[in-house]
Amino acid sequence: MATGATAAVGVLAQTAPVPFGRSPLGLTPPAKPVGAPLAVRPTLPAAPGGGDVAAGRAGAAFSSVDPKLLRKALASLDRHSRLIKATDRIAIVDFSVPSSQPRLHFLDVVNGKASQLLVAHGSGSDPHHTGLLEKFSNAFGSNASSEGAFLTSDYYVGKHGRSQRLIGLDATNNNALDRAVVVHSAWYANDDMIKAHGKLGRSQGCFAVGENKLDDVFSFLGKGRMIFASRA
């Protein structure tokens, strides 16, 4: 039986997405950001008679993510397993879809649960402000979003308030830390932007979420987990 990130590839099910709540997995935000997570390589248990109940449950939840993108993310998780020790939860950003849609996917590999949030992309990736990402860049001064696997790192308070540093693990995003590509909240990523403008505002390459969603992101990912950003 497959285990770890490779096992999660097998849970892709051809079922409709499950409903999502307002906050990832209904988590209660901690008083302060959580510490380093436990290192976990989840195993999906086989059900009596040869079925895989956990896999089926996870597949139903994870069907919200494009299968091709999910496979890319899980392959990246395996490829960077030496650095990404905690694989019980991952986040995937699908930049194939516009900023008006919830495209930041939170996947709980162990419990087979999922949720989604709105997230902004960089202005350099969408120079005409159409709401669709046109290109990625890892270049300094590009103000663009980068493609690849990011390792969540430490928390700090900066010009955008509470934020979390990210370490880029691929050649396509290895300048992330020095470019200050981080997770933070912003008014232009709030839900009401969709009703008013039909799209979110743009960041300078950071993963900007709504002002009342940051605690959910911090609670779900903590330190040492992966955010994978790409297009399907």
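Two rings of Phe, Tyr or Trp count as a pair here if their centres lie within 6.5 Å, and planes over 60 degrees apart make the pair edge-to-face. In this predicted model, that rule gives six aromatic pairs. Take Phe106 and Phe220: their ring centres are 4.9 Å apart and their planes meet at 70°, so this pair is edge-to-face. Because Phe106 belongs to strand β2 (residues 104-108) and Phe220 to helix α6 (residues 214-221), the pair ties together parts 114 residues apart in sequence. Both Phe106 and Phe220 are buried.

Tyr155 comes from strand β4 (residues 148-158) and Phe218 from α6, so here the parts tied together are 63 residues apart in sequence. Tyr155 and Phe218 are buried as well. Elsewhere, ring pairs join Phe95, Phe136, Phe150 and Phe207 into a cluster.

The charged end of Arg89 sits over the ring of Phe220, 5.1 Å from its centre, while that of Arg165 sits over the ring of Tyr156, at 4.1 Å.

Then there is helix α3, which runs over residues 67-79 and spans 18 Å from first C-alpha to last, close to the 18 Å expected for its 13 residues. Its buried residues are Leu69, Leu70, Ala73, Leu74, Ser76 and Leu77. They take up an arc of only 155° around the axis, which puts them on the same side of α3. Over on the other side, Lys68 and Arg79 are exposed. At the start of α3, a side-chain oxygen of Asp66 comes within 2.9 Å of the backbone nitrogen of Lys68.

Methods. Residues numbered from 1 in each chain as written. Predicted model: local features only at pLDDT ≥ 70, side-chain atom pairs only at ≥ 80, totals over all residues. Heavy atoms only, no water. Helix = DSSP H or I, 4+ residues; strand = E, 2+ residues; numbered from the N terminus. Expected span 1.5 Å × (residues − 1). Buried < 20%, exposed > 50% of the residue type's maximum accessible area, 1.4 Å probe, protein only. Arc of directions from axis to C-beta. Polar contact = N/O pair within 3.5 Å; in protein donor to acceptor, adjacent residues only side chain to side chain. Phe/Tyr/Trp six-rings, centres within 6.5 Å; stacked < 30°, edge-to-face > 60°. Lys NZ or Arg CZ within 6 Å of the ring centre and 35° of its normal.
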